[in-house]
Amino acid sequence: MHDDKFDQQLKQSLEKNTDEVAALKEQTWENIEKQLFNTDSKGAEKSVKKSGKRLITAISSVAAAALVVLVLNTQPGHAIIQNIKEIFLPEKVVEHNIEGQTEQRNVTLEESKTADYLIYVDEEYYKMVSENGVDKIVPKNPLPENYPAVYMQIEQFKDRSSEDLAAQLEASLEDGYQLRAAQEINEPVVGKEIRAIGGTGGQSGSDPVVKYYVIDNQLGGSFVIEQRYFLEAAEGHGARFDQMLQEFYVVSPDSK
């Protein structure tokens, strides 16, 4: 069979059999986890959540190796291999724990157009928008104007270290907020966390809350994730923002 014809048939087959492709991706991802972390699937999931925020390039070679076998080194196969995003399912179900209740949530993969990351967004409650070249995840149903701002903003600084940015963010919150200085964290991302609360300092449910996560992008730069909500919404919006960050993945610029 001519190579071009075979490639076209394979491409059509993949497009028509989305269920099979989705299952293939899931199995491939599980295999990658096991090869990377040499552990069982449950343990691997935990490891990926902790380290999944690292560069996807770290796993791209393993993914490529698996996919080469699966797609017989065809042109469509090369396209898939070169685009690591194909590993991720467009939609999936994840388990969230909100206000002490465990619930199954449908989440949708969103690719940033302004920075090098992917994130799964709970689109029943939120939507991802771009404002002034920066991504924001905001409530689908806007809150009344008298409420403090509620959003999660994600911005990449390609030439700023996480230490430099954390110091700057701390300084920006010294006036008008009760500040908790930067500390190293492993959940919901691996990086630094800075927290602050304004208003009455925690005596009122409407006190504005600011939380920053600063993540090293492993290429000399950083991501800054800014969460804003109010104290009463900490176990609602605050918890949901953190849950979505469990599915935040830094990707290599080459994979976009």
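A residue is called buried when its relative accessible area is under 20%, exposed when that value is over 50%, and partly exposed in between, using a 1.4 Å probe and protein chains only. The structure described here is a predicted model, in which local features need pLDDT of at least 70 and side-chain atom pairs count only at pLDDT 80 or more, while totals for chains, interfaces and linings use all residues. Residues are numbered from 1 along each chain as its sequence is written, and side-chain values use heavy atoms, with hydrogens and water left out.

By this definition E226 is buried, because its relative accessible area is 10%. The residue belongs to strand β10, which covers residues 222-230; strands (E, at least two residues) and helices (H or I, at least four) are DSSP runs, numbered from the N terminus. What surrounds E226? Leaving aside residues up to four places away in sequence, E226 touches Y151, M152, Q153, K211 and Y212, where contact means heavy atoms within 4.5 Å. With Y151 there is also a polar contact, side chain to side chain, at 2.9 Å. Such a contact is a pair of N or O atoms within 3.5 Å; within protein, one must be able to donate a hydrogen and the other to accept it, and residues adjacent in sequence count only if both atoms are side-chain atoms.

The strand as a whole may be considered next. In β10, 8 of the 9 residues are buried, so the strand is largely enclosed by the rest of the structure. Two strands pair if DSSP finds at least two bridges between them. Strand β6 (residues 151-157) is joined to β10 by 7 bridges and runs antiparallel to it; here E155 stands opposite V224. Strand β9 (residues 208-216) is also antiparallel to β10, with 9 bridges, and K211 has Q227 as its bridge partner. β9 and β10 form a hairpin with 5 residues between them, and Q218 in the turn has a positive phi of about 65°.

Attention now turns to an open sheet of 4 strands, with the order β1-β2-β3-β11 and antiparallel pairing. Its edge strands, β1 (91-98) and β11 (248-250), each pair on one side only. From one strand to the next, the twist averages 30°; angles run from 0 to 180 degrees between N-to-C directions, and axes are lines fitted to C-alpha atoms, for helices over the stretch in contact. Strand β3 (residues 117-121) is linked to β11 by 3 bridges, and I119 stands opposite F248. Helix α7 (residues 234-245) packs on the sheet and touches β1, β2 (101-111), β3 and β11, its direction making about 135° with that of β1.
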